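Here is a short briefing on one protein model. Please look over the sequence and the structure before reading the points below.

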Amino acid sequence: LMLGSVVVFGLPQRDAVRSLAKVNPKETSVMRQRDAEARAAQRRPRRVQQWVPLSQVSRHLVHAVVAAEDPNFFGHEGIDWEAVRESVEVNVKRGRFARGGSTITQQLAKNLFFTTRKSVVRKLREMVVAGWLESDLSKRRILELYLNVIEWGDGVYGCSAAAGRYYGKPVGDLDEVEAAGLAAMIPSPRRINPRVSPARHARAQRRILRLMERVGYLRQDV
């Protein structure tokens, strides 16, 4: 009962979730978290973000992100329970939060309303909000929001800013390899980053390309 009360107390207003069907958020909780971290480190916070509709995003990036982050995105209602089970098994075995198992919808909930700090309470709140997002928004809108707000490096938010930063081109012009390069960064954009660790990023990029090929998103000549 106490845990339930704590979880409910920290949830956003339901109307704030419903409004996302038509309104693009001006900032997210993770953006505010990063700003606070920068100030604590006596650095000037920075944000680079340009909003783009999903229709202007390269289909290759959509394919890469779905293949890498949530292969069952179009089949679940916010939570992939099989991924959750596997995540719990791995975490119990290792005795720490080693694997998240979050869907794209859960990741969106975290970015919009919570922080990157791991806890059971945050994960439960995230699950509740993911259910709301799936109920109030279309899959297309959830994907559009996700691609426009998530981190892609220090101060880089959204796929448009990321495409410009790392490949010097509009996000709609990304090819399969470039799309895999951006998708590879999502789990840890400040560490798996071509400017921070090219070798680590290249390994992650190759893994995404293999996943894309496995599900039929990749041409055989790539």
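Which helices do the buried residues of α3 pack against? They pack against α6 (104-113) and α8 (139-149), where contact means heavy atoms within 4.5 Å. This is a predicted model, in which local features need pLDDT of at least 70 and side-chain atom pairs count only at pLDDT 80 or more, while totals for chains, interfaces and linings use all residues. Residues are numbered from 1 along each chain as its sequence is written, and side-chain values use heavy atoms, with hydrogens and water left out.

**Helix α3**
- Helix α3 covers residues 29-40; helices are DSSP runs (H or I, at least four residues) numbered from the N terminus.
- From first to last C-alpha, α3 reaches 17 Å, close to the 16 Å expected for its 12 residues (1.5 Å times one less than the number of residues).
- Among the buried residues of α3 are Val30, Met31 and Ala38; buried means under 20% relative accessible area, exposed over 50% and partly exposed in between, with a 1.4 Å probe and protein chains only.
- Gln42, with a positive phi near 60 degrees, follows α3.

**Phe73 and Phe74**
- Phe73 is buried because its relative accessibility is 0%, whereas Phe74 is exposed at 57%.
- The charged end of Lys139 sits over the ring of Phe73, 4.5 Å from its centre (NZ of Lys or CZ of Arg within 6 Å of the ring centre and within 35 degrees of the ring normal).

**Arg14**
- Arg14 lies in helix α2 (residues 14-18) and is partly exposed, at 25%.
- Leaving aside residues up to four places away in sequence, Arg14 touches Trp132, Ser135 and Asp136.

Definitions and conventions. Helices (H or I, at least four residues) and strands (E, at least two) are DSSP runs, numbered from the N terminus.
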